[in-house]
Every structure is written in structure tokens, then in C-alpha cells.
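Me: I'd like to learn how to read charged side-chain pairs in a model. Can you walk me through it with an example?

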Amino acid sequence: MYKILVTNDDGYDANGLKELVKSLKELDDVMVTVVAPANEKSACGHSLTLTRPLRFVSVDDDFYKLEDGTPTDCVYLSLSALFVDEKPDLLISGINRGSNMGEDITYSGTCAGAMEGVLHGINSIAISQVMDFSDPSGDFTLAGKTIKYIVGKIRDGVFPLPEREFLNINIPQGSKEIRFKTTYAGYRHYANDAHMHRNPRGEEHYWLGLHPLNFSKREGVGSMMSDYEATNEGYISLTPIMLDMSAYKSMKDLQSWVEE
């Protein structure tokens with residue numbers, strides 16, 4: 001059996017997770033184990049819970065929610081408690097409701113789940129669906145078809161997944177056809193949007209705003225598309241992400257400064 005560990009950051013009852021599990025179970029000789037947060041953990045980043053105990057709660061066969069756990073917790077504890085003797089063959093985090101492109105990768109709990117898998121030597125994928133958040137359910141049909149296709153290629157040994165890297169997939173909104181584009185992580189423009197409200201006692205509280213997807217092209221990438229450009233043109237964006245964040249281009253200048 002080909003063992004796949006699944007997690008997400010939208011929570012164990014998310015529609016994207018349900019579509020992912022359904023699609024994977026359509027493959028032959030696959031065992032799917034789901035460990036997902038009990039609550040939504042969007043934008044939690046690569047965080048571990050160190051100040052309180054965590055508990056698995058069984059939802060169904062090979063399906064658990066982790067009480068107040070993050071995606072990283074889910075992967076870390078799964079490998080400690082559920083995969084003691086043998087690691088899963090593949091880890092998939094998603095299908096996220098909303099994109100994870102550009103520097104959003106650093107915020108993303110979805111990508112963090114894949115990062116944790118990579119740290120433990122497991123081939124890992126993060127998959128996200130670009131969408132209009134006015135749609136409460138979202139259409140994950142193409143995302144489900146895509147992940148099933150890619151997992152098949154991985155099992156056949158014809159899809160490149162290098163060590164210490166994970167594959168970040170973003171599915172375009174409204175597209176029906178599987179069309180891939182190899183991309184780099186775009187340059188995201190951020191704002192500091194927050195909405196102030198008052199409770200009945202007059203105390204202020206804030207909701208962080210939802211930023212529009214504004215990107216610009218990076219220099220020195222030639223004709224290669226960013227993840228944003230690709231999904232905007234209806235392509236499925238495939239971005240290899242490495243965890244080594246060293247700024248190699250800056251090392252020469254920094255070394256010159258050290259030697260002065």
C-alpha cells in the first residue's frame with residue numbers, strides 16, 4: 001500500500017480537505033491517513049505548540065483532528081504516534097481555500113505542513129485553490145483531478161521531488177483543464193489593512209483585513225512566469241520551494257564588508 005498523510009490549515013471539516021481525500025481514495029492501493037487541525041489555522045506559519053498538551057480525536061477510520069493543533073503539530077505528532085515504524089510515502093497539505101503564492105508561503109499553514117514533511121525526509125506537496133471568497137464553498141474539482149494526476153506520476157517515479165524541497169501547487173479559479181506552468185514565487189505587495197470595532201463595553205478590537213492579490217515581476221527571471229501570472233492566465237502553477245532561505249547573492253558583498 002502507498003501511504004499518504006494528509007493535513008491542512010482550514011480545519012478537519014473543510015471542503016477542500018474532503019475533495020482531496022475523495023480524489024486520493026480513487027487511486028488503487030492507497031492508504032490515506034488524515035490528521036488535521038480541529039479549528040481553522042490559516043496564516044499560522046510553521047508553528048509548533050510547545051506550551052500545552054495536544055490530543056488526537058478520532059473522526060473516522062484513519063481520520064483524526066488535533067485539538068487546537070497547527071498543521072505542523074499534525075505532521076510532527078503523526079510521525080511520532082501514527083507512523084512510528086514506517087514513514088508515509090507522501091505528505092499532502094490542502095486543498096487550501098485560497099491561494100498560497102509569493103511571500104504568502106511564509107504565512108501559510110498549508111505550506112508549513114509540507115515544510116514539516118520535508119524536514120522529516122518525506123516527499124511533500126502543498127496545494128491551494130485560488131478563489132473568490134464570496135463563494136462560501138468553492139469549487140475544488142480541478143484541484144482534485146490535478147492532485148490525483150500528480151500523485152500517479154510520483155508513484156510511477158516520473159515526477160521530480162528533490163530532497164529538502166516541497167512542491168507548491170496553486171490552482172487557477174474557473175479553469176477546467178489541467179495545464180501546468182513551472183513558476184517562481186511572485187513578489188507580493190502587502191498593506192496593513194485592519195478594521196477597528198468596539199464591543200458593548202466600548203473596548204476596541206481589530207479584525208485583520210483581507211488583502212487583494214497584488215504582485216509584481218521579480219528581476220532576473222527571464223521569461224519565466226510567477227505563480228500569480230500563471231494562475232491569472234489559467235495555468236496550474238507548480239513552484240518548487242526549498243527551505244534554505246540563505247541569500248546567496250548577498251554573501252559576496254557581506255564577506256567583503258567582513259574583511260574590511
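Me: Let's start with Glu86: is it buried or exposed?

Reply: This is a predicted model, so keep in mind that the values are computed from it. Glu86 has 51% relative accessibility, and because the cut-off for exposed is over 50%, Glu86 counts as exposed.

Me: Which residue does Glu86 pair with in a salt bridge?

Reply: The general idea is that side chains of opposite charge can pair when their charged atoms come close. Here, Glu86 pairs with Lys3, with 3.6 Å between the closest N and O atoms. Lys3 sits in strand E1 and Glu86 in the loop between helix H2 and strand E5, so the bridge ties together parts 83 residues apart in sequence. Lys3 itself is buried, at 13% relative accessible area.

Me: What other salt bridge does Lys3 make?

Reply: Lys3 also meets Asp89, at 3.6 Å from N to O. That pair links strand E1 to the loop between H2 and E5 again, across 86 residues. Asp89 is partly exposed, with 30% relative accessibility.

Me: Now Arg52 and Asp68: how far apart are N and O there?

Reply: They are 2.6 Å apart. Arg52 is in the loop between strands E2 and E3, Asp68 in the loop between strand E4 and H2, so parts 16 residues apart in sequence are tied together. Arg52 is partly exposed at 38%, and Asp68 is partly exposed at 31%.

Me: How many salt bridges are there in the whole structure?

Reply: The search finds 13. Some join up: Glu19, Lys22, Glu26 and Lys148 form a salt-bridge network.

Notes
Residues numbered from 1 in each chain as written. Predicted model: local features only at pLDDT ≥ 70, side-chain atom pairs only at ≥ 80, totals over all residues. Heavy atoms only, no water. Salt bridge = Lys/Arg side-chain N within 4 Å of Asp/Glu carboxyl O. Helix = DSSP H or I, 4+ residues; strand = E, 2+ residues; numbered from the N terminus. Buried < 20%, exposed > 50% of the residue type's maximum accessible area, 1.4 Å probe, protein only.
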